[in-house]
Amino acid sequence: MKPSLMDFTQKELIDIIQPKFRVKQIFGWMYHNYASDFEDMKNIPKSLKEELASKYVVNPLKIINKEVSSDGTIKYLLELQDGKTMEAVWLKMKDDIYEDGKLVQEAKYTICVSTQVGCKVGCSFCLTAKGGFTRDLSAGEIVAQVVTLKKDNNHKHNRKINIVYMGMGEPLDNLDNLSQAIKIFQEEEGLAIGGKRQTVSTSGLSSKIDKLGEMDLGVHIAISLHAVDDELRSELIPMNKAHNINSIIEAVKRFPIDTRKRVMFEYLVIKDKNDDLASAKKLVKLLHGIKAKVNLIYFNPYPGTPYDRPSYEDMFAFQEYLVKHGLLCTIRDSKGIDISAACGQLKEKNKK
Ligand code: SAH
Ligand code: SF4
């Protein structure tokens, strides 16, 4: 497997490619024109392209399946150079807005990326966990997901996009490659996606939350909390035994957060497990003193799971309780509900 040119920052590429101005051109080909191959790079000398092609690839990903939902969500199954597969999702957050026939606001999109093939954390409700852990993704394999999806949707390089690290895998369990990818996304002459447009979702590796904070990359964090007491949380997320709720809350309090922003707490709501108002009450207490926003997620069932989707009424009552007690709270609309929406489902379907 060859490394990808997308594994490197612009500065690092200058050590590999001379003269320096070629790096700028190649960066443009990769991130503005979405060139997948060296052949696509028109103004680069053949000799340089051949030399680079003997050691590197450009885009290491191939689209092997795609499911399009009626709401504009597109779920991609992507193949890596070693034949392994993982998923990335294109989410339409807002439609184009027209006034008097004129476009006044362009549609907004978010790309959900994977950071690993499989996952070590082993959450009992998560389909990705069922297949175990295969390997970390390289920085280039993370970056290439965004390039591939933008290209497939004809999304111009200078149009804004948000990234959420909520696909397969636990991002903080692959912190070196994650932080490298965050930096490459931020490159001004590349995709120019700033830290505040990137949200790292974690199941709560508290020591790594601190490490990410120390790197000061300006990214947001989202905590997959899902439970308010350690007993249930350890049942759902086995790693909670080593990184309990309290240690996560403390790490969040230390995390450098833009004063205008909030830390997102994701709460997966499972019928008769954590959908009662006593849990809502505990959640309010737990988040006291933190500038938090809660995102309630309907559990998305799949064959073989012991858990059920909560009722609309219980979900709404839970939200109402939080809002009444001063917490900002949204219910995640189940985008792509008619396709394989929950993480890991498209990959599962394509198993032969
Ligand atoms: N490993 C990280 C990021 C990837 S998981 C984390 O756990 O935060 C992305 C999100 O998908 C998590 O919030 C997780 O709770 C959610 N998820 C996993 N399985 C789900 C299911 N069956 N239904 C709904 N959401 C699910
Ligand atoms: Fe891993 Fe996140 Fe799935 Fe848990 S929910 S198994 S941490 S991908």
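This briefing walks through the domains, ligand sites, salt bridges and backbone details of one predicted model. The protein chain splits into two parts, with domain 1 covering 1–59 and domain 2 covering 60–349. There are two ligand sites to look at: ligand 1 has 22 residues around it, and the shell of ligand 2 includes Cys119, Cys123 and Cys126. Across the whole structure you'll find 15 salt bridges.

**How the two domains meet**

- On the contact side, 20 residues of domain 1 touch 25 residues of domain 2.
- Putting the two together buries about 1900 Å², and carbon and sulfur atoms supply 53% of that area.
- Within domain 1, the residues giving up the most area to domain 2 are Met1, Tyr34 and Asn59, which together make up 36% of what that side buries.
- Polar pairing is part of the picture too, with 16 residue pairs in polar contact between domain 1 and domain 2, both partners at pLDDT 80 or more.
- As for secondary structure, α1 (10–16) and α2 (20–31) are the elements that each put two or more residues into the domain 1 side of this contact.
- Of these, α2 gives the largest share, 4 residues.
- Sort that domain 1 side by class and you get 9 nonpolar, 6 polar and 5 charged residues.

**Salt bridges**

- Between domain 1 and domain 2 the count is 1 salt bridge.
- Lys24 and Glu189 make a salt bridge, and their closest N and O atoms are 3.2 Å apart.
- Another pair to click on is Lys75 with Glu87, where the closest N and O atoms are also 3.2 Å apart.
- Lys75 belongs to strand β2 (residues 74–79) and Glu87 to strand β3 (residues 85–94), so this bridge ties together parts that are 12 residues apart in sequence.

**Around ligand 1**

- Of the 22 residues surrounding ligand 1, the closest are Gly169, Ser201, Ser224, His226 and Asn300.
- Ser224 brings a polar side-chain atom to 2.6 Å from an oxygen atom of ligand 1.
- His226 likewise has a polar side-chain atom by an oxygen atom of ligand 1, at 2.8 Å.
- Phe125 takes part through its backbone, with an N or O atom lying 3.3 Å from a nitrogen atom of ligand 1.

**Around ligand 2**

- The shell here is made of Cys119, Val121, Gly122, Cys123, Phe125, Cys126, Ala129, Gly169, Glu170 and Ser203.
- By class, those shell residues come out as 6 nonpolar, 3 polar and 1 charged.

**Backbone details worth a look**

- The peptide bond running from Gln18 to Pro19 is cis, with omega near -10°.
- Pro19 sits in the loop between α1 and α2, and those helices are the ones named above for the domain 1 side of the contact.
- Ala192 has a positive phi, near 55°, even though this residue is not a glycine.
- You'll find Ala192 in the loop that links α6 (175–186) to β10 (198–202).

Methods. Residues numbered from 1 in each chain as written. Chains lettered and ligands numbered in written order. Predicted model: local features only at pLDDT ≥ 70, side-chain atom pairs only at ≥ 80, totals over all residues. Heavy atoms only, no water. Near = heavy atom within 4 Å. Nonpolar A, V, L, I, M, F, W, Y, C, P; charged D, E, K, R; others polar. Domains from an automatic or database assignment. Contact = heavy atoms within 4.5 Å. Buried area = accessible area lost by both parts, 1.4 Å probe. Salt bridge = Lys/Arg side-chain N within 4 Å of Asp/Glu carboxyl O. Polar contact = N/O pair within 3.5 Å; in protein donor to acceptor, adjacent residues only side chain to side chain.
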